[in-house]
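Student: I have a model open and would like to learn how to read it. Please take me through the features one at a time.

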Amino acid sequence: MAPHTASQKTPKNMRIAAITMARNDDFFLNRWIRYYGDAFGHKNLYILLDGMDQSIPKNAGAAHVTKLEHRPMTRAAGDKYRIGLLSDLAAKLFADGYDIVVGCDTDEFLVADPDTGLSLAAYLTAAAPRGVTSLSGLGLDVGQNLAMEQPLDPSQPLLTQRGRALLSTRYTKPVVLYRPAAWGSGFHHVRGHNFHIDKNLYLLHFGAVDMNMLMTKAAARGADWVNHLRRRGNGTINTVTRRPIRGAWAMRLARMMQTIFRPVYAWGKPSMLGIKWVVRIPARFAQTGI
């Protein structure tokens, strides 16, 4: 990490924004607001709501919430549309004086390892690398172990109820920007730039945190989705339930592998050569309150 010079902003006055876009997602959006609001201040949250029919979350507080007309699209077209809006928003925030922008989905939570002794804001400012556009955390795809974990109690923190995750290149995302850039769909890469995985950052994804929740979402989509889940289950949940837990060494090795290896079709994304390791989420991560 390059030392700060007299002309650089110090961690105390660096401004950090968090941005996301959501539709019909109160469960995670409320948690996203609470987590990143505590981390950066609610006035530094920028939320795009996909649809004029969407309700502003009750805990939004001073967050900036913008409703947009919903545009029915295919999944691929919708992903490109949304990430374009969010990349443009990040560029505007940099122009308005922000130094760091964190962009992610509502079910994704960026964690600075509590062992650093630093808050997320303090860590991101202290870790700001010279000449690097973005930072990624190691992707942890949190899943319900059906053999050992009960359905989710929504009144309790998620990490007190779930203890396993699949090490996932899909969620090793460059969600932290230090300068304007164009994200690829889903925040999975930054166009025209390499990625850099920080040794103390983790991105926890909770999309597969509860099978009952997935079944409810599938029912809203139609009988075919429900039947698919009943026949095949969910990939992350199946893996977390059936595969053995690897030690802490697996996270260290995964970070190294994802730094070195890339898919031949996407040099800007990490790879683990198809290896699937399940790890225990460090107990200290419960300190984050997620």
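**Reading the strands, helices and core**

Tutor: Start with strand β9 (residues 197-208): eleven of its twelve residues are buried, so the strand is largely enclosed by the rest of the structure. Buried means under 20% relative accessible area, exposed over 50%, and partly exposed in between, with a 1.4 Å probe and protein chains only. Strands (E, at least two residues) and helices (H or I, at least four) are DSSP runs numbered from the N terminus.

Student: What kind of model is this, and how are residues and atoms counted?

Tutor: The model is predicted: local features need pLDDT of at least 70 and side-chain atom pairs count only at pLDDT 80 or more, while totals for chains, interfaces and linings use all residues. Residues are numbered from 1 along each chain as its sequence is written, and side-chain values use heavy atoms, with hydrogens and water left out.

Student: In which sense does β5 pair with β9, and in which sense does β6?

Tutor: Two strands pair if DSSP finds at least two bridges between them. Strand β5 (residues 108-112) pairs with β9 in the antiparallel sense over five bridges; Glu-108 has His-205 of β9 as its bridge partner. Strand β6 (residues 134-143) pairs with β9 in the parallel sense over six bridges, and there Gly-143 is bridged to Ala-208.

Student: Is Arg-164 buried or exposed?

Tutor: Arg-164 is buried, with a relative accessible area of 9%. The residue is found in strand β7 (residues 164-167). Among its contacts, leaving aside neighbours within four places in sequence, are Val-142, Gly-143, Glu-149, Val-279 and Arg-280.

Student: How do I check the length of a helix?

Tutor: The expected span is 1.5 Å times one less than the number of residues. Helix α1 (residues 26-40) has 15 residues and reaches 20 Å from its first C-alpha to its last, close to the expected 21 Å. Helix α7 (residues 248-260) has 13 residues that should span 18 Å, and its end C-alpha atoms are 19 Å apart, which agrees.

Student: What do the buried residues of α7 pack against?

Tutor: They pack against β6, β7, β9, β10 (245-246) and β11 (278-280). Those buried residues are Ala-250, Met-251, Ala-254, Arg-255, Met-257 and Gln-258. In α1, the buried residues include Trp-32, Tyr-35, Tyr-36 and Phe-40.

Student: Which residues touch the most other members of the largest nonpolar core?

Tutor: A nonpolar core is a set of buried Ala, Val, Leu, Ile, Met, Phe, Trp, Tyr and Cys residues joined through side-chain atoms within 4.5 Å. The largest has 77 residues, and Tyr-36, Leu-110, Leu-124, Leu-167 and Phe-206 touch the most other members. Apart from that core lies another of seven residues, among them Met-211, Leu-214, Ala-218 and Ile-237.

Student: Which residues form the cluster of ring pairs?

Tutor: Rings of Phe, Tyr and Trp (its six-membered ring) pair if their centres lie within 6.5 Å; planes under 30 degrees apart count as stacked, over 60 as edge-to-face and the rest as tilted. The structure holds eleven aromatic pairs. Ring pairs link Trp-32, Tyr-35, Tyr-36, Phe-40, Phe-109 and Phe-206 into the cluster.

Student: Where do I find a positive phi at a residue that is not a glycine?

Tutor: Asn-24 has one, of about 50°, in the loop between β1 (16-22) and α1. Asn-24 is exposed, with a relative accessible area of 58%. Phe-187 has a positive phi of about 65° and lies in the loop between β8 (176-177) and β9. Phe-187, however, is buried, with a relative accessible area of 1%.

Terms used: Contact = heavy atoms within 4.5 Å.
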